[in-house]
Amino acid sequence: MAILPIVTVPDPLLKTISSPVESVDDELRKLMDDMLETMYAAPGIGLAAVQVGRPIRVLVMDLSEDEDNPDPKYYVNPVLTWTSEDLATYNEGCLSVPEQYADIDRPAECKITFLDYYGNEQHIHATGLFSTCIQHEMDHLNGIVFIDYLSSLKKSMAVRKVKKLVREG
Ligand code: K1U
Ligand code: ZN
């Protein structure tokens, strides 16, 4: 496995609409394994393929709070099929916007259809942090980063701080 470099704002790649995956094969599984290792190393709880320079509709997540009991999840071509009317607020972060956090409102619950690590179709009903995180990751597939929901002033301040962080290594 390999740790891949993570693309940060304002890289235009993060605005790309990611393409659907044609087939879940060994090459894709290798990318998903590398994404998971990259996410654990960061550390983070989710990662979209576009964040490692591959604009295809693939996500990985692990919401397990116990390092000794990992719970990796893989989502290929995920489709949001239902969102609740009630919203939940979470103080979100993003590995592509390091060290910046903001309260974001999203549907509290959602349902998603996707292909798993082996290409089998799955359906899930997500609540709590799972719902927040998967919606955040699915935004990446549509070229949206959480700071896009902020005022233009707050967004440009966040981008400026990330540029400075990256410059200073
Ligand atoms: O860059 C990303 O998309 C990953 C992002 C996922 C996320 C976090 C919070 C709300 C919605 C989506 C992160 O993982 S940021 C880092 C983070 O939240 C975290 C890091 C270590 C331990 C626990 C959380
Ligand atoms: Zn993110």
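Modeller: A definition to start with: helices are DSSP runs of H or I with at least four residues, strands are runs of E with at least two, and both are numbered from the N terminus. Keep in mind that this is a predicted model.

Colleague: Which residue does a cis peptide bond join to Ala42?

Modeller: Look in the loop between H1 and strand S1 (46-48). The bond in question has an omega of about -5°. Ala42 is joined in cis to Pro43.

Colleague: Now the ligand. Where does ligand 1 sit?

Modeller: The test is that more than half of the molecule's atoms lie within 2 Å of a pocket's grid points. Ligand 1 passes it for one site. That site is the largest pocket.

Colleague: Which residues come nearest to ligand 1?

Modeller: The shell around ligand 1 has 14 residues. By class, six are nonpolar, six polar and two charged. The nearest are Ile45, Gly46, Gln51, Leu95 and Glu137.

Colleague: Which element gives the most to that shell around ligand 1?

Modeller: Strand S4 (87-92) and helix H2 (128-141) each supply at least two residues. The top contributor gives four. It is H2.

Colleague: How far is a polar side-chain atom of Gln51 from an oxygen atom of ligand 1?

Modeller: The cut-off for a polar contact is 3.5 Å between N or O atoms. His140 has a polar side-chain atom 3.4 Å from a ligand 1 oxygen. For His136, a side-chain N or O atom is 3.0 Å from an oxygen of ligand 1. For Gln51, the distance is 2.9 Å.

Colleague: How much of the area that ligand 1 exposes alone does the protein bury?

Modeller: Start from ligand 1 on its own, which exposes 540 Å². The protein then covers part of that area. The buried share is 78%.

Colleague: What volume does the largest pocket have, and which lining residues are closest to its centre?

Modeller: The volume is about 440 Å³. There are 24 lining residues. Closest to the centre are Gly44, Ile45, Gly93, Cys94 and Leu95.

Colleague: How many residues does H2 give to the lining of the largest pocket?

Modeller: The lining divides into 12 nonpolar, nine polar and three charged residues. S4 and H2 each supply at least two. H2 gives the most, and its number is six.

Colleague: One more. How many charged residues has the lining of the second largest pocket?

Modeller: This pocket has a volume of about 240 Å³. Its lining includes Asp62, Glu65, Asp66 and Glu67, and those residue types count as charged. Nonpolar residues number four and polar residues two. The charged count is four.

Terms used:
Residues numbered from 1 in each chain as written. Chains lettered and ligands numbered in written order. Predicted model: local features only at pLDDT ≥ 70, side-chain atom pairs only at ≥ 80, totals over all residues. Heavy atoms only, no water. Near = heavy atom within 4 Å. Polar contact = N/O pair within 3.5 Å; in protein donor to acceptor, adjacent residues only side chain to side chain. Areas by Shrake-Rupley, 256 points an atom, 1.4 Å probe, with all protein chains shown as cover. 1 Å grid on protein atoms, 1.4 Å probe; cavity = no way out; pocket = protein on both sides within 12 Å on 5 of 7 lines; lining within 4 Å. Points joined across faces, edges and corners; volume = space filled by probe spheres on them.
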